[in-house]
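Hi,

Here is the structure I said I would pass on.

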Amino acid sequence: MGAAEVIGDSAVRPWGSWQVLDEGEGFKVKRIVVEPGARLSYQTHEHRAEHWTVVSGTATCVVDGETLILEIADSVNVAIGEPHRITNEHDVPLIIIEVQHGTYTGEDDICRLEDDYGRVEV
């Protein structure tokens, strides 16, 4: 059995990395790896909702001001426009499968509200 086929884009970020596993009209599926002690920006999206499922590690998520701890197989929905963030407060990598739903799933549909890496637009 060979290696999994790479479907779409990928990128390394200051907090870890992401890989597009599948995408089509109105959806995108990503594998997100968050390194130990790192977190994504606190952000919103204008055009997409997201559904996160933890497949490895423990996620500390903030969704619209509420903190949720997600273990393996736990999931959460993030509505369009809801502020959200994923944090890995543990010493092993966190892996999340993210399913995006919406009319537009481009990487530029991000409004960063807070960011540890200086990426907030002024």
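Before the notes, one definition: with a 1.4 Å probe and protein chains only, I call a residue buried under 20% relative accessible area, exposed over 50%, and partly exposed in between. This is a predicted model, so local features need pLDDT of at least 70 and side-chain atom pairs count only at pLDDT 80 or more, while totals for chains, interfaces and linings use all residues. Residues are numbered from 1 along each chain as its sequence is written, and side-chain values use heavy atoms, with hydrogens and water left out.

**The sheet**

Strand labels come from DSSP: helices are H or I runs of at least four residues, strands are E runs of at least two, and both are numbered from the N terminus. Two strands count as paired if DSSP finds at least two bridges between them. On that basis there is an open sheet of six strands, running β1-β2-β3-β10-β5-β8 with antiparallel pairing. The edges are β1 (10-13) and β8; each has a single partner strand, so one side of each lacks a neighbour in the sheet. From one strand to the next, the twist averages 20°. (Axes here are lines fitted to C-alpha atoms, for helices over the stretch in contact, and angles go from 0 to 180 degrees between N-to-C directions.)

Inside the sheet, β3 and β10 are joined by eight bridges in the antiparallel sense. One of the residues to look at there is F27, whose bridge partner in β10 is H101.

**The core**

For the core, I took buried Ala, Val, Leu, Ile, Met, Phe, Trp, Tyr and Cys residues joined through side-chain atoms within 4.5 Å. The largest nonpolar core has 19 residues, and the ones touching the most other members are W15, V34, W52, A59, I86, L94 and I96. Two or more residues each come from β2 (16-24), β3, β5 (48-56), β6, β8 and β10. The most comes from β6, which gives three residues. As background, nonpolar side chains in soluble globular proteins tend to be buried together.

Counting contact as heavy atoms within 4.5 Å, and skipping residues up to four places away in sequence, I86 touches V34, R39, L40, W52, T60, C61, L94 and I96.

**Salt bridges**

How many salt bridges does a search of the whole structure find? There are five, where a salt bridge is a side-chain nitrogen of Lys or Arg within 4 Å of a carboxyl oxygen of Asp or Glu.

- E107 and K30: their side chains meet at 2.7 Å, N to O. This pair links distant parts of the chain, 77 residues apart, with E107 in the loop between β10 (94-102) and β11 (111-114) and K30 in strand β3 (residues 27-34). E107 is partly exposed, at 28% relative accessibility, whereas K30 is buried at 4%.
- R48 and E50: the closest N and O atoms are 3.0 Å apart. R48 is buried, with a relative accessible area of 3%, and E50 is buried too, at 4%.
- R119 and D115: the side chains meet at 2.9 Å, N to O. Both R119 and D115 are buried.

Leaving aside neighbours within four places in sequence, K30 is in contact with W18, Q19, V20, L21, I96, I97, E98, Q100 and E107.

**Loops**

T105 sits in the loop between β10 and β11, and is buried with a relative accessible area of 13%. Its C-alpha atom is 6.9 Å from that of F27, although the two residues are 78 apart along the chain. Beyond neighbours within four places in sequence, T105 is in contact with F27, K28, R48 and Q100.

Which residues other than glycine have a positive phi? D64 is one of them, with phi near 50°. D64 lies in the loop between β6 (59-63) and β7 (66-70) and is partly exposed at 49% relative accessibility. A73 is another, with phi of about 80°. A73 belongs to the loop between β7 and β8 (75-78), and at 60% relative accessibility A73 counts as exposed.

Cheers
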